[in-house]
Amino acid sequence: MNAVVLERDLIAIPTSEELVARAAAMVPQLRARADEIEKARKVPSDVIEMFKEAGFFRILQPKSHGGWEMNPIVFMRVLNELGRGCCASAWNLMILGVHNWEFGIMNPRAADEVWGEDNQTIIASSYAPTGELTKVEGGWRLKGKWPTSSGTDHGKWAFIGALERNEQGIPIDRHALLVKREDYEVIDDWFTFGLAGTGSKSLMIKDAFVPDHLAHSMVDYKLDDRPTNYLFPFAMIFYSSVSAVILGFAQGAIDVFIEQMKVRTDNGSGAATRLSPYVKDRLANAVSKVRSCRARMEQMMAHCTEVVERRELVSVDDRIHYMLDMARIGRESEEAVLTIYKCTGARGLFSSNPIQRYLRDVLAGANHITQDADNNAGALGGYLLSGELPPLLYGKPDQA
């Protein structure tokens, strides 16, 4: 099946700066709708359509199917901006949009099948390997329940994560498998204190067959003839996309804090709050954390881009350092928001104050497995001291 490339797909590819400007222009309206989206517990279709029209889903999509095949740092910069407005909406774009990169590392038949009739079809996911995977002739069988499929109401397919085990039950590979919408049930169980608007519901699969061409290993990292922007490690792109959007949450909280403190006065003395050294100090330290995180992300992607443009793989030594660098973005974004939140006093408690939502959302986002700074620090320490690597993250057992 050949991909359908419509006339609108043939427009000039925008620059990174143009795409970031489009995202920045959306921030005010996204912020204005954040309460509505949180109460609805899902991102409305018109917001997703707005992201489509802006071209955000094309950033990582292969050119063979109407995408722009751009360097992933462009997507991350867009997420940095959108996270300032509505955290849930930005999170949905992060999850749903990064899947388009995944097709660049798969059998081309997968993209043909999913995008053959509509190259703007959206794919959801749940990568936690909680279900049961069985190898059968020509493919795999899947069954079980998978949690936290963000933005799943908008997906017509879903990537499902599962472990392949040997005869002794020991995991030997970690797969992502594409499942059609008719093969899974969406369970509305997303009731949370943070990122409530992401609609991250569970998926139930009773018994689905997935052909081999719709599956791939998430840890089998090797050099092949794929285009350059798909030579980055799978985990690096997914983990750093989560980091990028959380970084946007922190910047959004800083934006609101500055707006409020510029006009706030002390209830007792009437003095301008902006003159308080305590407020100034905390604001500056929060800004420094966010800027440092952004600089780390840019440096990582610049270095890894140099590597893949030489048609080389990013080394394990670099990858394990960068995985901690990215996980610490969640930790430090959380710290940045907490730092300024302590200046808000009782005002920061009211649901009418958007800063409390940024705090809850950054806390929820930083709890994502990709932002686990503790275990990633332990992994790096273990690697530096003895060369040990965590299983099924830096390669299959015979690669790591």
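How many bridges join strand β3 to strand β7? The structure is a predicted model, in which local features need pLDDT of at least 70 and side-chain atom pairs count only at pLDDT 80 or more, while totals for chains, interfaces and linings use all residues. Residues are numbered from 1 along each chain as its sequence is written, and side-chain values use heavy atoms, with hydrogens and water left out.

Strand β3 (residues 139-149) and strand β7 (residues 201-211) run antiparallel and are joined by eight bridges. Helices (H or I, at least four residues) and strands (E, at least two) are DSSP runs, numbered from the N terminus. Two strands are said to pair if DSSP finds at least two bridges between them. Strands of a sheet pair through backbone hydrogen bonds, either parallel or antiparallel.

These two strands belong to an open sheet of four strands in the order β2-β3-β7-β6, with antiparallel pairing. The edge strands, each pairing on one side only, are β2 (132-136) and β6 (185-187). On average, neighbouring strands of this sheet are turned by 15 degrees against each other, direction ignored; such angles are taken between axes, which are lines fitted to C-alpha atoms (for helices over the stretch in contact), and run from 0 to 180 degrees between N-to-C directions. Five bridges link β2 and β3 in the antiparallel sense, and L133 stands opposite L142 in β3. The hairpin formed by β2 and β3 has two residues between the strands, and G138 in the turn has a positive phi of about 85 degrees.

Helix packing was examined for α3 and α6. Two packed helices are described by the angle between their axes and the distance between the axes. Helix α3 (residues 72-82) packs with α6 at an angle of about 25 degrees, and the axes are 7 Å apart. The two helices are therefore roughly parallel (under 35 degrees; over 145 is roughly antiparallel, 65 to 115 roughly perpendicular and the rest oblique). The contact (heavy atoms within 4.5 Å) is made by P72, F75, M76, L79 and N80 of α3 and by I237, S240, S241, A244, V245, L247 and G248 of α6.

Is α3 mostly covered or mostly uncovered? Ten of its eleven residues are buried, and the helix is mostly covered. Buried means under 20% relative accessible area, exposed over 50%, and partly exposed in between (1.4 Å probe, protein chains only). The buried residues of α3 pack against α1 (16-40), α2 (45-53), α4 (87-102), α6 and α7 (277-309). One of the buried residues is L82, which touches A23, M26, L30, F51, F56, A90 and L93, not counting residues up to four places away in sequence.

The largest nonpolar core has 121 residues, and L82 is among those with the most contacts inside it, along with F51, F56, F103, L142 and L178. Helix α6 (residues 234-263) gives the most to this core, with 18 residues. A nonpolar core is a set of buried Ala, Val, Leu, Ile, Met, Phe, Trp, Tyr and Cys residues joined through side-chain atoms within 4.5 Å.

Residue F159 lies in strand β4 (residues 157-165) and counts as buried because its relative accessibility is 0%. Leaving aside neighbours within four places in sequence, the contacts of F159 include F103, M106, I123 and L178.
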